[in-house]
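Please look over the structure shown below before reading the notes that follow, which go from the whole chain to single residues.

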Amino acid sequence: MFEDDPAIDAVLIAAPQKVEHYEIASYGTICAWADQMGHSDAFDLFKQNLQEGKAADEKLTTIAESAANPEGEEKGSSIGNQNHESFSI
Ligand SMILES: [Fe+2]
């Protein structure tokens, strides 16, 4: 019924992207805690996980904007860019 609907692809990308955002927030927090407590080995590992989460998020955004919903990219690319440019940890 919905197998050819691009909205389904968009939803299937949005769900794991929400997980990545949760990971980014969590690893960003524990990076700060590890840094504040002087646990440099833990900080390095958490920072690596944080970077992996960001990379996965960027890949999902690229897929969402280019493959899954090209019309959405044309209409909403400035919104997507604003979200990513303003987000730094
Ligand atoms: Fe992840």
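**The chain as a whole**

Of the 89 residues of the chain, 12% count as buried. This is a predicted model, and the chain in it has three helices and zero strands, so that, read from the N terminus on, its elements run α-α-α. Among contacts between residues at least 6 apart in sequence, 57% join residues that are at least 24 apart.

- The mean pLDDT of the chain is 83, and 75% of its residues reach 70 or more.
- Confidence in the chain is highest in helix H1, at a mean of 95, and lowest in helix H3, which covers residues 70–85 and has a mean of 52.
- Over residues 78–89 the pLDDT stays under 50, and for this stretch the model has six contacts beyond four places in sequence.
- Where pLDDT is low, the predicted coordinates should not be read in detail.

**Helix H1 and what follows**

- Helix H1 has 31 residues, and the distance from its first C-alpha to its last is 45 Å, which is close to the 45 Å expected at 1.5 Å a residue.
- The buried residues of H1 are Ile24, Tyr27 and Cys31.
- Just after H1 comes Gly38, which takes a positive phi of about 75°.

**The nonpolar core**

- Which residues make up the largest nonpolar core? This core has five residues, namely Ile24, Tyr27, Cys31, Phe46 and Leu50.
- Helix H1 (6–36) and helix H2 (40–68) each supply at least two residues of this core, and H1 gives the most to it, with three residues.
- If residues up to four places away in sequence are not counted, Phe46 touches Tyr27, Ile30, Cys31 and Ala34.

**Ala34 and Ala42**

- Ala34 lies in helix H1, and it counts as partly exposed because 19 other C-beta atoms lie within 10 Å, whereas a buried residue needs 20 or more.
- Leaving aside neighbours within four places in sequence, Ala34 is in contact with His39, Ala42, Phe43 and Phe46.
- Ala34 and Phe46 are twelve residues apart along the chain, and their C-alpha atoms are separated by 8.5 Å.
- Ala42 belongs to helix H2, and Ala42 is partly exposed because it has 15 other C-beta atoms within 10 Å.
- The C-alpha atoms of Ala42 and Cys31 are separated by 7.9 Å, while the two residues are eleven places apart along the chain.

- Although Ala14 and Asp57 are 43 residues apart along the chain, the separation of their C-alpha atoms is 9.9 Å.
- Thr61 has its place in helix H2, and Thr61 counts as partly exposed because it has 18 C-beta neighbours inside 10 Å.
- Thr61 and Gln17 are 44 residues apart in sequence, yet they are 8.0 Å apart in space, C-alpha to C-alpha.

How values were computed:
Residues numbered from 1 in each chain as written. Predicted model: local features only at pLDDT ≥ 70, side-chain atom pairs only at ≥ 80, totals over all residues. Core = buried A, V, L, I, M, F, W, Y, C linked by C-beta atoms within 7 Å. Helix = DSSP H or I, 4+ residues; strand = E, 2+ residues; numbered from the N terminus. Contact = placed C-beta atoms within 7 Å. pLDDT = per-residue confidence, 0-100. Expected span 1.5 Å × (residues − 1).
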